[in-house]
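We will go from stop to stop, picking a few residues each time.

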Amino acid sequence: MAVSEQLPHSRLRLRTGRRHLALVCASAVVLLRAARHDVRPSGIGGISSSSRSCLDWFGTVPRCWSVFGASQKGVCVPKVADSARHGARKESPTSAESYTNSGEGSFGGVRTPRTMRQAVSPQAAVIAETRSDRSVDESADVVWAKAAAAARASLEAGVNSTTVLMPSGAGDLEVGLRVIRGFLDEGRPAFRAVVIIPNTLLAHAKKLYANALRDYSLDLITMGDQNTDVRSLARHFKKTNEASVILSRYEDMQKICLSRLEAKSKQPLDLMIFEAAHILRAGGYLAAGVTNDVIPASSRVFVSARQLAGKAPGSLLAPGQEPGYPGEEPQGKYGPEVFRLTHRDSEERNMSVPLRLQILQSTNASDVARELAHLHHTLGVCSIQVVPPQLRLTQVVNRILKNLTGGACRARTGRGSASSIDAVVVAGSNPDYVTVAQEFPRLARWRDGKAHGYVLVAGAAKHHAVTAWQALAIEDQRAEEALQRATVEYGRKDRRLKWEEVPYELRSLVFEENAKKEAVIAVARGIEALGDPWDAWLGRLLAYNDHHHHVNVRYLGTQFGHELGSWLKDQRERWERGVLQERKVARLRGLGVKLDVDAERFAEGLAELRKYVQYQRSRIVPWNCKTDSGFMLGEWVVEQRTLQRRGKLGPRRQQMLREAYFMWQPSEAPSDLFEHPEEPEAAELTRSIEVELRDLRWRPVGERRGVFRALVLKHHPDVSQHKHADAAIRFLSDVRDWFLAGN
C-alpha cells in the first residue's frame with residue numbers, strides 16, 4: 001500500500017478521542033455479556049426487545065466490533081446454544097462451524113437489528129474498518145508477491161514452464177499481473193505477454209490490468225472487443241518494437257494463432273499465463289498454446305487450483321474413464337510447482353471463502369425468486385449469477401427478486417464485471433460443469449461479510465446436482481477422492497449411503513441448513529452419476545471378502561446378484577493385455593486378488609514350502625497338510641508332482657523347488673544304493689553313469705525309458721569295446737527300478 005493511501009487512515013486514528021473509544025468499549029462489554037448468557041440485549045441505543053418485530057434485520061454490523069478480537073470478516077460472536085446442540089468445535093474465531101459471521105447481522109444465533117448497530121460511533125467504525133482492511137490486504141499482497149517472485153525466479157533459472165497452485169478466488173489474476181509487472185520493471189524491450197482467462201473473469205481482468213499497467217508504455221489488448229479481430233491483431237504482431245499485453249479468453253486462443261500466421265510472425269511470445277489451468281487440464285478448454293506447437297512462447301506460467309502433472313483432475317471419476325479424456329502428463333510439460341497455497345491456508349488468510357452446495361425446493365421462476373430472497377435475508381446473499389446463460393429466466397427472477405428485497409439482491413447471467421459474487425444458480429436442461437467451475441474464482445473470492453460461496457441446485461433436477469459435484473471435484477482433489485471412496489462404499493453396501501456413512505469431505509460441502517433427506521439424495525446423485533463403476537465393483541469385492549473371508553471368487557460367483565466372478569476374470573484379462581491401470585492393479589493386489597493366478601499361486605506355495613521345511617525339518621509333506629494361513633500345501637505339492645511327471649513344469653520352477661528342499665529329493669536313491677566295483681577304472685565308469693542318471697531322474701518317465709535304453713545299448717558287451725562293459729551293464733540292472741519308478 002502506497003504512503004499516500006496510508007495518510008488518511010493515520011489522520012483518522014489521531015482524531016479518535018477517548019469519548020468514542022469509551023463508547024466502543026461499552027458496546028463491546030454489553031455484547032460479550034449477552035453472548036456469554038446466550039440472551040439478546042434488552043436494548044442498546046434506546047431499542048427495546050418489544051419492538052423486535054419492527055426492526056430491519058438485513059443491515060450490516062459495523063466493522064468497529066472487530067477491534068475486540070473478532071474475525072477480519074466482521075464480528076464473530078459464538079453461537080452458544082447452537083454449538084452445544086450440534087456439538088460444534090470451539091476453535092479459532094475463523095471457524096465457520098462454531099461461529100456466525102456478523103456481516104449478516106448475527107448475534108448469538110439471532111439477527112441483530114440495524115438500529116442497534118447504528119448505536120456505535122461512526123468514527124470508531126471507520127478506524128476499525130481501516131485496521132481490518134489493511135491487515136487483510138497486506139496478507140494477500142504478501143502471498144501474491146511470494147507466488148509471483150517464485151514463478152519469476154523459476155523462469156529466470158531457465159525453466160520454460162512453471163506452476164503456481166492456488167485455490168480459485170485466492171488471487172487468480174493478481175499473481176499473473178505481478179509476474180508481468182516484474183518483467184516490465186526489468187525494462188525488457190518490446191515485451192509481449194498473453195494472459196488466457198476464463199470468460200467470466202475477462203471484464204474484471206480488463207479493469208484490473210488497465211489500472212495496474214497505466215504507468216507503463218504498452219498496448220493493452222482485450223480479445224472480444226469490437227476492434228480486436230484477427231486482422232487487427234495481425235497488424236499488431238507486425239509491429240515488433242512495441243510492448244503489449246493481450247487478455248484473451250480460452251475460446252479466443254485460435255484467433256491469436258491465426259493472427260500470428262497472418263502476420264507471419266516467427267518471434268515467440270515472451271510470456272503466456274494460463275489462469276484456472278486446472279479446468280484446462282481436465283479437458284474443459286482446448287489445450288491450444290500449452291506447448292510451442294500452436295503458439296510459441298519463451299515462458300509459461302500456469303495458475304491452477306489442482307496439480308497438473310500426473311493424472312488429470314477428474315480422472316478418478318466416471319467421465320475420466322471415457323476415451324479421449326486427458327491422460328497422464330509428465331512433470332516437464334507444466335514445469336515445477338514453485339508455490340502452493342492450500343484451501344485451508346487461503347481461507348485462514350481471508351483470501352477465499354469455502355464453497356457450499358445449497359438445494360432449492362422450487363423450479364419455477366416465481367418460487368425460485370422467493371427462495372433466493374429468503375437466502376438473502378438469512379445468509380446475506382446479494383449477488384447471484386445464473387449459469388449457463390438464461391436471459392429470459394434471469395430477467396423474470398431478477399424482477400421478482402428486486403421487489404422482494406428492495407433492490408438489495410440481484411440476479412444476473414452472462415458475462416459479468418463484478419469481481420465477487422455470492423451464489424451461482426445452476427439452470428438449464430443440460431448444464432456443463434465448465435460453466436459452473438469457471439465461476440468459482442468469483443464465487444470463492446473473499447470480501448467483507450461473506451462467509452461462503454453457494455452453489456444453488458434444484459432438488460428436482462438430477463443433472464444440476466451432478467454438474468455441481470463434478471465442478472467441485474475438478475476444483476478440489478479432496479472432493480474427488482471422497483467421491484471415489486463413497487462409490488466404493490456404495491458398492492459394498494449395495495444401497496444409497498446414509499448421511500453418517502457419507503465421507504466427511506462431501507458432507508462438509510453441503511450447507512448444513514439443508515434437510516438431511518435432500519442432502520442424502522444430492523450426494524447419492526453425484527455418486528451414482530460420477531462414481532467410476534469399477535469402484536462400485538471393488539466395493540462388491542470387499543463385501544464378498546467380508547462374508548467369505550477371501551477374494552478367490554469362482555467364475556460363477558456372485559455378490560448382491562452381480563456376477564462378481566465374471567468381472568474378476570475380465571480384470572485378469574485386461575491385466576494380461578496391459579490395459580488395466582496401475583492404480584487399479586495395486587488396489588486389487590492390496591485386497592489379495594491374484595491377477596496372474598498360476599505365477600502368484602506358485603510363488604505362494606513355494607514360500608509356504610520353505611517355511612514348512614524350515615520349521616518341520618522334513619522334506620515329506622502330507623497330502624492333507626494345511627498351513628496356518630489356510631494354504632493347502634499338501635494338495636499344491638501333489639499338483640507340482642503331477643505337472644513334473646507330465647513334463648509341464650519348467651526348468652526354472654524345478655530348480656526353485658530343489659532349492660526349497662522339495663520332497664522329490666529323497667526319491668533320488670541314497671548313496672548306499674549305488675554299489676560300485678572295486679577296480680578303479682570300472683568304478684570311474686559306473687560313477688559317470690550314476691551322475692548322468694541323477695541328472696535325468698527329473699525327466700518324464702517316457703523320456704527316461706528312452707535314455708535308459710540308450711545307455712544299455714551303449715554299454716552292452718556286444719556293442720561296447722570297453723573292457724569294463726560287463727560292470728556297466730550290471731550297474732544299470734541294479735538301478736533300473738529306481739530310475740524308471742513313477743510316471
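The tour below visits a helix, some salt bridges and a charged patch.

This is a predicted model, in which local features need pLDDT of at least 70 and side-chain atom pairs count only at pLDDT 80 or more, while totals for chains, interfaces and linings use all residues. Residues are numbered from 1 along each chain as its sequence is written, and side-chain values use heavy atoms, with hydrogens and water left out.

**Helix α13.** Select residues 365-379: this helix has 15 residues and reaches 20 Å from its first C-alpha to its last, close to the 21 Å expected at 1.5 Å a residue. (Helices are DSSP runs of H or I, at least four residues, numbered from the N terminus.) Buried residues here (under 20% relative accessible area, 1.4 Å probe, protein chains only) include Val368, Leu372 and Leu375. Step on to Gly380, which follows α13 and has a positive phi near 80°.

**Salt bridges.** Next, show Asp598 and Arg653, whose side chains meet in a salt bridge (2.9 Å, N to O). The term means a side-chain nitrogen of Lys or Arg within 4 Å of a carboxyl oxygen of Asp or Glu. Asp598 lies in α24 and Arg653 in α26, so the pair ties together parts 55 residues apart in sequence.

**Another pair.** Now pick Asp252 and Lys255, which meet in a salt bridge (3.9 Å, N to O). Asp252 is buried, at 3% relative accessible area.

**Last stop.** Finish with Arg231, Arg235, Lys238, Lys239 and Lys264, which form a positive surface patch. Patch residues have over 30% relative accessible area and no salt bridge, with like charges joined within 9 Å and nonpolar side chains within 5 Å.

Terms used. Areas by Shrake-Rupley, 256 points an atom, 1.4 Å probe, with all protein chains shown as cover. Lys, Arg positive; Asp, Glu negative; His and termini not counted. Charge placed at Lys NZ, Arg CZ, Asp CG, Glu CD. Helix = DSSP H or I, 4+ residues; strand = E, 2+ residues; numbered from the N terminus. Expected span 1.5 Å × (residues − 1). Buried < 20%, exposed > 50% of the residue type's maximum accessible area, 1.4 Å probe, protein only.
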